[in-house]
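Opening the notebook on a new model today. I'll jot down what I look up as I go.

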Amino acid sequence: MWIETAYEASDDIPLPSSDNSYRGKLLVRMPKSLHRRLAETAEHEGVNLNQYIVSLLSAVA
């Protein structure tokens, strides 16, 4: 409805935005000891390493 009204009033209608700068993929270098601790904890929690790290990041973001 808004687009129709804006069009009839000759108002500017912005194009849909597309933010392609974030792909959801990140490469992180870390010490082997940290990698091992994270992997072991993820296994203990019954999730894969990626899921475990995402949950940790979500908790602090």
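Started at a helix end. H2 is followed by Gly46, and I read a positive phi there, near 80°. This is a predicted model, so I'm keeping to the local features that have pLDDT of at least 70.

Next I checked H2 itself. The helix covers residues 32-45, which is 14 residues. From its first C-alpha to its last it reaches 20 Å, close to the 20 Å expected at 1.5 Å a residue.

Then I wanted the other positive phi on my list. Ser10 has phi near 60°, and Ser10 is a residue other than glycine. I find Ser10 in the loop between helix H1 (2-8) and H2. Is Ser10 buried or exposed? Its relative accessible area is 66%, and the cut-off for exposed is over 50%, so Ser10 is exposed.

Moved on to H3. At the start of H3 I noted a contact: a side-chain oxygen of Asn48 comes within 3.0 Å of the backbone nitrogen of Asn50.

Ala59 was my other stop in H3. Its relative accessibility is 66%, so I log Ala59 as exposed.

Pocket search next. The largest pocket holds about 350 Å³ of space. Which residues line the largest pocket? I get Gly24, Lys25, Leu26, Leu27, Val28, Met30, His35, Leu49, Asn50, Ile53, Val54 and Leu57. Helix H3 (residues 49-60) gives the largest share of that lining, 5 residues. Sorted by class, I have 8 nonpolar, 3 polar and 1 charged residues.

Last, the whole chain. I count 3 helices and 0 strands, and along the sequence the pattern reads α-α-α. How does the radius of gyration stand against what a compact globule of 61 residues would have, and what are the values? The globule would be near 10 Å, but the protein chain has 22 Å. The C-alpha trace spans about 65 × 20 × 15 Å along its principal axes. Of the 61 residues, 7% count as buried.

How values were computed: Residues are numbered from 1 along each chain as its sequence is written. Side-chain values use heavy atoms; hydrogens and water are left out. Helices (H or I, at least four residues) and strands (E, at least two) are DSSP runs, numbered from the N terminus. The expected span of a helix is 1.5 Å times one less than its number of residues. On a 1 Å grid over the protein atoms alone, a cavity is a set of points where a 1.4 Å probe fits but cannot get out, and a pocket is an open set with protein on both sides within 12 Å along at least five of seven lines; lining residues have an atom within 4 Å of a point. Grid points are joined across faces, edges and corners, and a volume is the space filled by probe spheres set on the points. Ala, Val, Leu, Ile, Met, Phe, Trp, Tyr, Cys and Pro count as nonpolar, Asp, Glu, Lys and Arg as charged, and the others, Gly among them, as polar. Buried means under 20% relative accessible area, exposed over 50%, partly exposed in between (1.4 Å probe, protein chains only). A polar contact is a pair of N or O atoms within 3.5 Å; within protein, one must be able to donate a hydrogen and the other to accept it, and residues adjacent in sequence count only if both atoms are side-chain atoms. The radius of gyration is taken over C-alpha atoms; the globule rule is 2.2 Å times the number of residues to the power 0.38.
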